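Trainee: I have a structure open and want to learn how to read it. Where do I begin?

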Amino acid sequence: MSEGAAKKEEKSRKFQAIRGTRDLLPPDTALWNRVEQTASKVFGTFGFGEIRVPILEELELFARSIGLDTDIVNKEMFTVTDDDAMDLAIKAIPREKWTAAQGDAKLTEEIAYSIARAGEMGLRPEATASVCRAYIEHNMQQLPQPVKLYYYGPMFRRERPQKGRYRQFYQIGAEVLEANRPDSMKDVTRELLKDAAIDAELIEMLMTFFDKLELTGIELDINSIGHNAPNCRPAYVEKLRGALTQVKDRLGPDSQRRIDTNPLRVLDSKLESEQAVIATLPKIADHLCDECKAHYAAVKTQLELRGIIYKENWRLVRGLDYYMRTTFEITAPGLGSQNAVCGGGRYDGLVELLGGPPTKGIGFAIGEDRLILSLQESGKAQTKQGRDVYIAWMGQNTYATAVRAAKDLRQAGFSVEVPPTELKFGKALGQADKLGAKFALILGEDEVTEGLWTLKTLDDGAQIKLPEPALIEHLRNSLNPHPL
């Protein structure tokens, strides 16, 4: 192939979205906007404010929060190197340490490792760690407590793309963070009841959100996974590990590995061959300490007070140590076996793990991609994106009136299409129909001269003549605009 032909082929190449990513296009983006605007409105009524955190964070943030040895950090994160951060790390190392490292292979390796880690950044795989980092960095413990924050935006994981799962995916989430004052634990019972009320209200907010979206068929599962007191979850984990060891030969490789590393994760297994074995394992609800039992009972009472229907699921766990007590999951129809659309839990201790003050926390994350898919499958998508009014103008002398009318209608909150050039009447109505317009405003020279404008309903062909001042009021009675 000649050089010229190679350049021509390179120039004519068609680019496509990277595997595991995709473009969101109209009219689907109208549904995405509706979901996100509904979240903002509902969450706002519960006193939550929006937070926007960076897409890029230090890799160490996720290594501490999610776990250095997890698949998310080890295999699934998209990472980049920050040369400036590495330069600063090099400059921060004392000269004495450089001198001591000469001839000391172990110290040299330690310095190299610290420099490399300082320069590692990752595209966020989730947002809870970032929100907690922002809480610490901006001294939000000084604000009135608890601090209620919500977010939405893209997350990134290098995982195998499948239905409802992408390498760039979107989440809607919320976190409640509350500084744990030294005097707050004087009345343990009061604190447990307060935490239970916060947990239940967060779940109530979620259920209100799904109700506003008219997503039917959702189910709420709840559980308590205790806390790290020796007589609570640690004791249960050891009992669980012992029971798993006795049936190890009946488990798959992943579950066998988790017996030593994280026995709770075995309860998450979806392998059909393991379900009968898991059903015989000890249940954590039978091994909670008195405080966790009281908290769990209070959560259920609070949910019932709010009229929220739930199902207890003893297998609903979180694998990280800082998660405690309340865990919950919401499933939705139309998603097959992987039907979880939202998960959450209490994570007292995470802020401290990231270098902050003692802080209580609970939050959730909604998989927005999966939520959109479920809405589409259930017929609640409402993605048709038409115009409210198409202005069919005829005669150059009417164009200025058409432009002014469009401006007034848009200020009133209507979506309006004005063709930039004059079209024949039949073609104009055909274009209005293609755009899904509800009304055609017909402006000819007679309408402009007389001050009576013709409004045609495109569904049934009915026409009325209106004076200009009455047009907006008539449309308001027919539609539901959102004024600018």
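Trainee: Where in the chain is the place of Pro146?

Mentor: This is a predicted model, so keep that in mind. Pro146 sits in the loop between α8 and β5. Gln145 and Pro146 are joined by a cis peptide bond, with omega about -5°.

Trainee: Which peptide bond next to Pro27 is cis?

Mentor: The bond from Pro26 to Pro27, with omega near 5°. Pro27 is in the loop between α1 (3-11) and α2 (28-45).

Trainee: What is the phi of Asn139?

Mentor: Near 50°, a positive value in a residue other than glycine. Asn139 is in the loop between α8 and β5. Asn139 counts as partly exposed because its relative accessibility is 43%. Now try Arg325. Its phi is near 55°, again positive in a residue other than glycine. Arg325 lies in strand β9.

Trainee: Why does Arg325 count as buried?

Mentor: Buried means under 20% relative accessible area. Arg325 is at 7%, so it counts as buried.

Trainee: On to sheets. How do strands pair?

Mentor: Strands of a sheet pair through backbone hydrogen bonds, either parallel or antiparallel. Here, eight strands form an open sheet with mixed pairing. Their order is β1-β5-β6-β11-β10-β9-β7-β8.

Trainee: Which are the edge strands?

Mentor: β1 (49-50) and β8 (311-312), and each pairs on one side only. Now look at one pair inside the order. Strands β6 (residues 168-179) and β11 (residues 359-367) pair in the antiparallel sense, over nine bridges. In that region, Glu175 stands opposite Gly363 in β11.

Trainee: What does helix α8 touch on the sheet?

Mentor: Helix α8 (residues 128-137) packs on the sheet and touches β5 (147-156), β6 and β11. The direction of α8 makes about 40° with that of β6. Helix α13 (residues 290-305) packs on the sheet too, touching β7 (219-224), β8, β9 (324-331) and β10 (340-346). The direction of α13 makes about 160° with that of β7.

Trainee: Now a helix by itself. Which residues of helix α11 are buried?

Mentor: In α11 (residues 253-261), they are Ser255, Arg258 and Ile259. These residues cover an arc of only 120° around the axis, so they are on the same side of α11. The face turned away from the buried side carries the exposed residues Pro253, Asp260 and Thr261.

Trainee: What covers the buried residues of α11?

Mentor: The cover includes α10 (233-246).

Trainee: Where is Leu373?

Mentor: In helix α15 (residues 368-377). Leu373 counts as buried because its relative accessibility is 17%.

Methods:
Residues are numbered from 1 along each chain as its sequence is written. This is a predicted model: local features need pLDDT of at least 70, side-chain atom pairs count only at pLDDT 80 or more; totals for chains, interfaces and linings use all residues. Side-chain values use heavy atoms; hydrogens and water are left out. Helices (H or I, at least four residues) and strands (E, at least two) are DSSP runs, numbered from the N terminus. Buried means under 20% relative accessible area, exposed over 50%, partly exposed in between (1.4 Å probe, protein chains only). The arc is that of the directions from the helix axis to the C-beta atoms. Contact means heavy atoms within 4.5 Å. Two strands pair if DSSP finds at least two bridges between them. Axes are lines fitted to C-alpha atoms, for helices over the stretch in contact, and angles run from 0 to 180 degrees between N-to-C directions.
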